[in-house]
Every structure is written in structure tokens, then in C-alpha cells.
Amino acid sequence: MRRALVIGGSLGGLLVAHLLRSVGWDAVVFERNADELASRGVGLGTHPQLIAILQRAGIAFDATMGITPPRGVCLDHAGKIVVEQPMKRTLSGWSRLYRASRDALPPANYRLGKALTRVERDGEVVTAVFTDGARERGDLLVGADGVRSTVRAQFLPHVEPAYAGYVAWRAVLDEAEVPPALWREMVDLYAFCLPEGEQCISYAVPGRDNETAVGRRAYNIVWYRPADRAALRDILTDAMGRHHAGGIPPPLIRPDVIARVKADAGSILAPQIAEIFARTAPFFQPIYDLISPQIVFGRVALAGDAAFVARPHAGAGTTKAALDAACLADSIGDTGGDLDAGLARYQRRQQPFGKALVELNRDEGAYLSAQIKPKAERRGAELDRDLGAVLHAHIARSDQVGGIVAAYGLAALCGA
Ligand SMILES: Cc1cc2nc3c(=O)[nH]c(=O)nc-3n(C[C@H](O)[C@H](O)[C@H](O)COP(=O)(O)OP(=O)(O)OC[C@H]3O[C@@H](n4cnc5c(N)ncnc54)[C@H](O)[C@@H]3O)c2cc1C
């Protein structure tokens, strides 16, 4: 049986392992963290394509996987609904999908505490070398090791994530900690708030223990805020003066940074959102774009965020990782054992699709990126914001993901 070494044990790596196993491969995941990753509990938008691929991988997507608010609304500064639109999008949680994908993989196929340092290639054999000195041999190595991919850095040393000029503040609060009247007001809303130059989206998601039952859910906030390089450097610096260029662990974010963002929430967000935000321990992620010109290097392939990082506006990062996994498995499976032909097929199909998805999300983020430019340099469209148009375009953008999947001939991957 052919053996794949999958580097990175988040959603991208897990889905690659499941789908390669479904076409007859042995696939082993190597994750650098020593502990289970399940604590990364933030909200995650889904698409029908993601749900279809999860089902292909044998992971049932039932009512407990997410919450589907019936209305998208825009709240003004006073908290009044000023624009409203019906919508149908299931919001899940990273840890909900992780748990379901992780539990479905045999424990022996998922190794924690294995950080890759480099890849060695020798003809048809590929070897992963880990920081503990261990070496693993396989027929294929898949780098699903995220935005700061070690695998990509080795094969594409000049391709780096480009900072988009803004960060996403993220916060989650258990349903039990949200005042009941406020919960009732917000639970059925996909709520948008558009302070000048910023964008905040919030919605209910499965709770800490992945529950969607009444009383066990949670409320999720994503708040995009411009930050030029100096401001980013400041918030990435901890209380000891250490700068965390690759992302600051949430417990190290300085108390003064947290106090400032909470004070800003109180003055510029709708009061309902600000009240919830004030009760959370928020953290932030800088937003990046990344397009890899090549995603196959002999018997090494990139997938998920290691290959492309799309800004999160269409909430399609996990959907794209799932499509990568399905495309890789099908490309290899369809070429009757000719692995090189299968990998060439994966490169041909998935690279242009990944690029298109990055560009779709860049469009929505253009307004946010423009905020760190002098006002005179901002294009008219980036200054003029009609609330109804912004909400409509945002909801439509999520549906456009399906259009791109179809346009690039990938619909069959999702059983369509
Ligand atoms: C603000 C924000 C909001 C988002 N919202 C959504 C959303 O609504 N919907 C959605 O679908 N997506 C969303 N995403 C994107 C989504 O999180 C990712 O695209 C998706 O999880 C796929 O990630 P991945 O598995 O490829 O990489 P990651 O999740 O980054 O995982 C990479 C894994 O590799 C491991 N690793 C790294 N280096 C090594 C190494 N050297 N050796 C071994 N292991 C290693 C890491 O520890 C990590 O576990 C959002 C992203 C952001 C920043």
C-alpha cells in the first residue's frame, strides 16, 4: 500500500488523510503540537461544498454541526437594524469540525508532537525529517502545515504571506454568559456592523463542548480593524518587549492592548455587540494573502493554507482545504497508479482555483486595506459604503464560492 506523510494536523491535513485513505492509501498525519488542538474554539462559516466533502470522507454533517441564522442584518451605531436580508448559511466552529474529523481517523494515523524540519527526496522516495531526529519515509508528502508552512518555505523560499493591512479581532462567549434578553435578540441574526473603515460580523456558533443545544451554544465575533505596520508591531509585542512576528499567543497580548480594543468596541460598535465583546478574552490574527505559483514539487504537494491563504471574508478557507484534499485524492485515484501524472493533474486543476479564491476575498478586503493609505489615495469605491450594498455583496460573495468551484470544473469533487 502506498504511504502518504501529511504534515499538519488541522482541518486541511485531516481531510487530506481521510480522502487519500478513501482511494486506498495509507496516510499518516504529523502535527507539531504535542497536545490536541481542540481548544481553538472560533466560529467558522461553511459552504455546501465543504459539507459534501466531509460526507465523502465519512464525516456526517448533521444539525449538531452548526447553527443557521435566517437573517443577515446591519446594525447601526445605536444598535438599530438598518438593513435586513434573508440568508441561509450554516455557521459551525473550528473545534466542532476538528473533533468530527479527528475522531474518524484511527489514532495510529495521527501523531502529535512531530514538528517537520525538512523534506528529503530521493527518486520516488520522500523522507520527512523531524525536530526530534525521527525520519519517516513515504511515496508522497503533503504539506498541510498552514500559512507559515515549513514545506512551502523549503520549496518556494521567496513566496511569503503578504500582510493585508488589517487584523481580525476574534472573540467567543458562552451562551450562559450572555445576558438572556441580549441572547434572544441576537441568536437568529448574522449581524454586521460597519464603523468607518472597519467591519464587524457576529453570529451564534456551537459552544465550547461543540454543543448546539439551547444553553450550550456560544456567540462569535470577528472584527476587522486596519493596523499599519507600526501598529501591528506594537500589538504583536508582549509585556516583556518580545515581538511575535509570526502571531502572538492570545495569553501574551498585553493588557493595555485588550483594554484599548474593548474601549473602542464600546464607542464604535453597536451596543449589543460591544456588550458581548466586553465580556470576552479577545485575541487577533493579522490577515494575509498568499498565492503559490506552484503546488507540486516531485512527490511533494501543498494543500490548504500552506498553498494559498485567502482572506476570510467568504469564510472559504476550510472549504478550499477540503477541495484541495478531494482534488488530490481524485487526481491520484483517476490516473491508475501513475502518481506523477496524478500530481501534475492536481497542480493543473487546483492552482488556478486557489488563485481565483484569493482574488475573490481580496475584493471584499480592498476597502479595509485602503484604510492605512492616506485618504486622497483611496479609490472612490473604497470610501463610499452603502450599508445595504455591503451586506448584499458580503452574503453574495459566500455564494460566489460555488460559482468559482463550478467555473474551474471542480463541482464533481463535491458529488455535484
Ligand atoms: C480570522 C479568520 C477567520 C476565518 N474564518 C473562516 C471561516 O469562517 N470559514 C473557513 O472555512 N475558514 C476560515 N478561516 C480559514 C481557516 O482557518 C483555514 O483556512 C483552514 O483551517 C485550513 O487550514 P489548514 O489546515 O490548511 O492550516 P492550519 O489550520 O493553519 O493548520 C496548519 C497545522 O500545521 C501545523 N504545523 C505547522 N508547521 C508544522 C510543522 N513544521 N510540522 C508539523 N506540523 C506543523 C500547525 O500546528 C497547524 O495545526 C479563517 C481564518 C482566519 C484567519
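Guide: Contact means that heavy atoms lie within 4.5 Å, and a helix is a DSSP run (H or I) of at least four residues, numbered from the N terminus. The model is predicted, so local features need pLDDT of at least 70 and side-chain atom pairs count only at pLDDT 80 or more, while totals for chains, interfaces and linings use all residues. Residues are numbered from 1 along each chain as its sequence is written, and side-chain values use heavy atoms, with hydrogens and water left out.

Visitor: Which elements cover the buried residues of α2?
Guide: Buried means under 20% relative accessible area, exposed over 50%, and partly exposed in between (1.4 Å probe, protein chains only). In α2, the buried residues are Q49, L50, I51, A52, I53 and L54. Their cover includes α1 (11-22), α3 (94-103), α9 and α12 (387-407).

Visitor: Which residue with positive phi follows α2?
Guide: Helix α2 spans residues 48-56. The residue that follows α2 has a phi near 85°, and that residue is G58.

Visitor: Are α2 and α9 parallel, antiparallel, perpendicular or oblique?
Guide: Axes are lines fitted to C-alpha atoms over the stretch in contact, with angles from 0 to 180 degrees between N-to-C directions. Angles under 35 degrees count as roughly parallel, over 145 as roughly antiparallel, 65 to 115 as roughly perpendicular and the rest as oblique. The axes of α2 and α9 (residues 317-334) come within 9 Å and cross at roughly 45°. The relation of α2 to α9 is therefore oblique.

Visitor: How many residues of the contact of α2 with α9 are nonpolar?
Guide: Helix α2 contributes Q49, L50, I53 and R56, and α9 contributes T318, T319, A322, L323, A326 and D330. Ala, Val, Leu, Ile, Met, Phe, Trp, Tyr, Cys and Pro count as nonpolar, Asp, Glu, Lys and Arg as charged, and the others, Gly among them, as polar. Three of the contact residues are polar and two charged, and the nonpolar ones number five.

Visitor: What is the handedness of the crossing of α10 and α12?
Guide: Helix α10 (residues 339-370) packs with α12 at about 170°, their axes 11 Å apart, and the two are therefore roughly antiparallel. F353, A356, L357, L360, D363 and E364 of α10 meet H394, R397, Q400, V401, I404 and V405 of α12. A crossing is left-handed if the near helix is turned anticlockwise from the far one by less than a right angle, and right-handed if clockwise. The crossing of α10 and α12 is right-handed.

Visitor: Which residues of α8 meet α7?
Guide: Helices α7 and α8 (residues 271-278) pack at about 160° with axes 8 Å apart, which makes α7 roughly antiparallel to α8. The crossing is left-handed. V261, K262, A265 and G266 of α7 meet A274, F277 and A278.

Visitor: Is I258 buried or exposed?
Guide: I258 lies in α7 (residues 255-268). Beyond its neighbours within four places in sequence, I258 is in contact with W169, I253 and P282. Its relative accessible area is 18%, so I258 is buried.

Visitor: Which residues have the most contacts inside the largest nonpolar core?
Guide: A nonpolar core is a set of buried Ala, Val, Leu, Ile, Met, Phe, Trp, Tyr and Cys residues joined through side-chain atoms within 4.5 Å. The largest has 82 residues, and those with the most contacts inside it are L20, L141 and L328.

Visitor: How many residues has the other core?
Guide: This core lies apart from the largest one, and L189, I221, I253 and I273 are among its members. Its residues number 39.
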